[in-house]
Amino acid sequence: MGRFHVHRDGTRHIDEHALDVHDHHQRDGDLLAAGDHSGYTETGQTRVTILENLLSENDRVADDNGRRFGESGVCAVNLMSSPGAGKTVLLRKTLEELGRSLRIGVIEGDIATSLDADRLEGAGARAISVVNTSAGFGGECHLDAVMVQSAMERLPLSELDLLIIENVGNLVCPAEFRVGEQARAMVYAVTEGEEKPLKYPVMFRAVDVVVVNKVDLLPHLDFDLDALLANLAAVNPQAQVIMASARTGEGVDEWCAWLARQSPAASSEAED
Amino acid sequence: MHELSICNAIATTAAKHAEGRPVSQVRVQIGHLRQVVPDALQFSWEIVSSTTTTGLADAELVIEEVPAVVECRECGEATTLDMPIMACGACGGFDVKLLSGEELLVVSIDLVDA
């Protein structure tokens, strides 16, 4: 811990500091090759090299959550979208469709109120855990791993096959925070325009599947579906795309089939 | 909002390593694909650092931006992206590997010597 000594005599310790920091640089390879190698400034300050992902604390808890999901045999899916894209309606349809064959739990993330959770009542979820993110710093715009960890405590994990985590409606922040999920899905409404994948690449790059929702509105919109699909493919060539309308039910079966494929319990059932 | 969340995460990481000692500078690397607006990050940092009790009150935030660079598996060229479109800037091919641009890293902190 030589690096952390409190020094009264700056000049005597220059080499010690420089050596400490230099060791770090070598260990961390060429990451800092073009960066600052001084390690010590002449102004009575000590530079401590960290090189740590700034979300590492969140990721550590996310890994714990993921392990617990795995041990309980639950497949967790993080469902994201902008506000109003249709997550909750799709989720209700999903519960009605898939709730007969799978035991589904829901974590409802919302800045305030339990309105979304109320809309799911009676639809076929085994358990719903509501997280209001406004408990923190003015209302967080996303769920993080710690919020999901506390929401998990209120769910009978071992009695579930599938856990759908409905994130806060937002196209930016939720994509940065892993919560321990096994797969990530997003709902995107055709009313949002063709160019959003290019404007919100973090979100579009983070997901395994995109449900393009509200396709029943296409005849009424100046919306270029091919342009959306091209933009999506340019940003995330791996993402699967499902065309759907949660309102009419179109595509909901394909979405449910995708969900069921993520869950080990469902695939063994399907084989029976 | 995004920048505020990221600043909170920067403060948590910096405070963990500072262990209560006063910090004069926090240096971060942010990749261009992270959709972080540096000015908004600086603005958020003023709020986060001044409301924290972990020795960060006078800490300056230094942001190193990291360009998004892809290497093409077809032509072998490495090119820098100016849009988040995963395509080679040399041949236009889509079979590319991302070399940098997704960094969200706390590089170092400067501690004020007592």
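This is a predicted model: local features need pLDDT of at least 70, side-chain atom pairs count only at pLDDT 80 or more; totals for chains, interfaces and linings use all residues.
**Entry 1**

I began with the strand order in chain A and found seven strands in an open sheet, arranged 5-4-6-3-7-8-9, with parallel pairing. At the edges I noted strand 5 and strand 9 (240–243) of chain A, each of which pairs on one side only. From one strand to the next, the twist averages 20 degrees.

**Entry 1: strand 3 of chain A**

I then looked at strand 3 of chain A, residues 75–80, which pairs in the parallel sense with strand 6 of chain A over five bridges. Within that pairing I looked up A:Val77, whose bridge partner in strand 6 of chain A is A:Ile164, and A:Asn78, which stands opposite A:Ile165 in strand 6 of chain A. Strand 3 of chain A also pairs with strand 7 of chain A, again in the parallel sense, over four bridges, and here A:Leu79 has A:Ala185 as its bridge partner.

Is strand 3 of chain A buried or exposed? I found that six of its six residues are buried, so strand 3 of chain A is largely enclosed by the rest of the structure. Side chains in a regular strand alternate between the two faces of the sheet.

Helix 5 of chain A lies across strand 4, strand 5 and strand 6 of chain A, and runs at about 140 degrees to strand 5 of chain A.

For helix 5 (residues 145–152) of chain A I listed the buried residues, which are A:Ala145, A:Met147, A:Val148, A:Ala151 and A:Met152. Seen down the helix axis, the buried residues of helix 5 of chain A fall within an arc of 160 degrees, so they line one face of the helix. Their cover includes helix 2, strand 4 (104–110), strand 5 (127–132) and strand 6 (162–166) of chain A.

**Entry 2: strands of chain B**

Strand 3 (residues 69–72) of chain B pairs with strand 5 of chain B over four bridges in the antiparallel sense, and B:Cys72 has B:Val96 as its bridge partner in strand 5 of chain B.

I looked separately at strand 1 (residues 23–31) of chain B, which is mostly covered, with eight of its nine residues buried. Strand 1 of chain B runs parallel to strand 2 (residues 60–66) of chain B, joined by seven bridges, and pairs in the antiparallel sense with strand 6 (residues 104–112) of chain B over seven bridges. B:Gln25 has B:Glu60 as its bridge partner in strand 2 of chain B and stands opposite B:Asp110 in strand 6 of chain B.

**Entry 3: the contact between the chains**

How many residues does each chain give to the contact? I noted 32 residues from chain A and 32 residues from chain B. On the side of chain A that touches chain B, strand 2 of chain A gives the largest share, nine residues. The residues on that side of chain A divide into 16 nonpolar, twelve polar and four charged. Strand 2 of chain A pairs with strand 6 of chain B in the antiparallel sense over seven bridges, and there A:Thr46 stands opposite B:Leu111.

**Entry 4: the nonpolar core**

Last, I looked up the largest nonpolar core, which has 102 residues, and those with the most contacts inside it are A:Ile165, A:Val211, B:Ile10 and B:Ala14. Helix 1 (residues 2–18) of chain B gives the most to this core, nine residues. Leaving aside neighbours within four places in sequence, B:Ala14 is in contact with B:Val23, B:Val26, B:Leu56, B:Val106 and B:Ile109.

How values were computed:
Residues are numbered from 1 along each chain as its sequence is written. Chains are lettered from A and ligands numbered from 1 in the order in which they are written. Two strands pair if DSSP finds at least two bridges between them. Helices (H or I, at least four residues) and strands (E, at least two) are DSSP runs, numbered from the N terminus. A nonpolar core is a set of buried Ala, Val, Leu, Ile, Met, Phe, Trp, Tyr and Cys residues joined through C-beta atoms within 7 Å. A residue is buried if 20 or more other C-beta atoms lie within 10 Å of its own, exposed if 12 or fewer, and partly exposed in between; C-beta atoms are placed from the backbone. Two residues are in contact if their C-beta atoms, placed from the backbone, lie within 7 Å. Ala, Val, Leu, Ile, Met, Phe, Trp, Tyr, Cys and Pro count as nonpolar, Asp, Glu, Lys and Arg as charged, and the others, Gly among them, as polar. The arc is that of the directions from the helix axis to the C-beta atoms. Axes are lines fitted to C-alpha atoms, for helices over the stretch in contact, and angles run from 0 to 180 degrees between N-to-C directions.
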